[in-house]
Amino acid sequence: MILRELKLTNFRKFKSPGLVVEFHKGINALVGENDAGKSAIIDAIKLVLQTQSGEFIRITDEDFSTFDGVIAEEFCIDCTFTEFEINEAKNFVEYLSYEKNSDGSLSYCLQLHFKARRENGRIYPELRAGDNEEGVLIDGKARDMLKCVYLRPLRDAAKEMRSGRNSRISQ
């Protein structure tokens, strides 16, 4: 499976209507000036999928976009996955939808909707799957199978590649 599309709404610098990023099969590169939002895109993917390294990722008030001094009450991160192999699809059967291809065939599609809302000084995150943001909650097993491997930028690679129990090499 591949991440085909990422939509950010009210996440960090991407206030409503937000940002849509289209990915393709193979290697995708994010290139831009400092403070263009490259790290926000990567952090959004890490928030939704979590990482194999067990890295603790915490949502803070800074993750909610601010416009004219007003902090958004919620942010949304939508991910669309396609091109499932049968062995991958079987793990997400209750969450999958179908898309019609140009040749008339059907393919599996997994749409994830991550929403975090601020209420009374607390932040409440939730991950749902389905055609819209009111879909079903993702259970722990499926969520665990979605975890991604995050390799830090090369400037941080030396620390990550040292031997040890929690190193990238051991994982």
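Figure 1. Leucine 47 is placed in helix α1, which covers residues 38-49, in a structure that is a predicted model rather than an experimental one. At 8% relative accessibility, leucine 47 counts as buried, because the cut-off for that class is a relative accessible area under 20%. Along the sequence, leucine 47 and leucine 127 are 80 residues apart, while in space their C-alpha atoms are 10.0 Å apart.

**Figure 2. The second largest pocket, to whose lining Leu47 belongs.** The second largest pocket has a volume of about 220 Å³. Of the 13 residues that line this pocket, those closest to its centre are Leu47, Gln50, Ile57, Arg58 and Arg143. When the lining of the second largest pocket is divided by class, 6 of its residues are nonpolar, 3 are polar and 4 are charged.

**Figure 3. The chain as a whole, for orientation.** The chain has 4 helices and 9 strands, and these follow one another along the sequence in the pattern β-β-α-β-β-β-α-β-β-β-β-α-α. Of the 171 residues in the chain, buried residues make up 36%.

Figure 4. Rolling a probe the size of a water molecule over the atoms shows where empty space is left. A search of the whole structure for cavities of 30 Å³ or more finds 1, and about 40 Å³ of space lies in the largest cavity. The residues that line the largest cavity are Cys76, Asp78, His113, Phe114, Lys115, Glu126, Arg128 and Glu133. Two or more lining residues come from each of the elements β5 (74-82), β7 (106-119) and β8 (122-129), and the largest share, 3 residues, comes from β7. Which classes of residue make up this lining? The lining of the largest cavity has 2 nonpolar, 1 polar and 5 charged residues.

Figure 5. The whole structure contains 5 aromatic pairs. One aromatic cluster is formed by Phe11, Phe64, Phe75 and Phe114; among these residues, Phe114 also lines the largest cavity. The charged end of arginine 118 sits over the ring of phenylalanine 64, at 5.7 Å from the centre of that ring.

Figure 6. A disulfide is a covalent bond between the sulfur atoms of two cysteines, and the structure holds 0 disulfides.

Figure 7. Phi of arginine 12 is near 50°, a positive value in a residue other than glycine. Is arginine 12 buried, partly exposed or exposed? With a relative accessible area of 28%, arginine 12 is partly exposed.

**Figure 8. Asparagine 120 in the loop between β7 and β8.** Although asparagine 120 is not a glycine, its phi is positive, at about 50°. At 77% relative accessibility, asparagine 120 counts as exposed, because that class begins over 50%.

**Figure 9. Threonine 80 and isoleucine 2, apart in sequence.** Threonine 80 lies in strand β5, and with a relative accessible area of 10% this threonine is buried. Along the chain, threonine 80 and isoleucine 2 are 78 residues apart, whereas the separation between their C-alpha atoms is 8.5 Å.

Technical notes
Residues numbered from 1 in each chain as written. Predicted model: local features only at pLDDT ≥ 70, side-chain atom pairs only at ≥ 80, totals over all residues. Heavy atoms only, no water. 1 Å grid on protein atoms, 1.4 Å probe; cavity = no way out; pocket = protein on both sides within 12 Å on 5 of 7 lines; lining within 4 Å. Points joined across faces, edges and corners; volume = space filled by probe spheres on them. Nonpolar A, V, L, I, M, F, W, Y, C, P; charged D, E, K, R; others polar. Phe/Tyr/Trp six-rings, centres within 6.5 Å; stacked < 30°, edge-to-face > 60°. Lys NZ or Arg CZ within 6 Å of the ring centre and 35° of its normal. Disulfide = S-S within 2.5 Å. Buried < 20%, exposed > 50% of the residue type's maximum accessible area, 1.4 Å probe, protein only.
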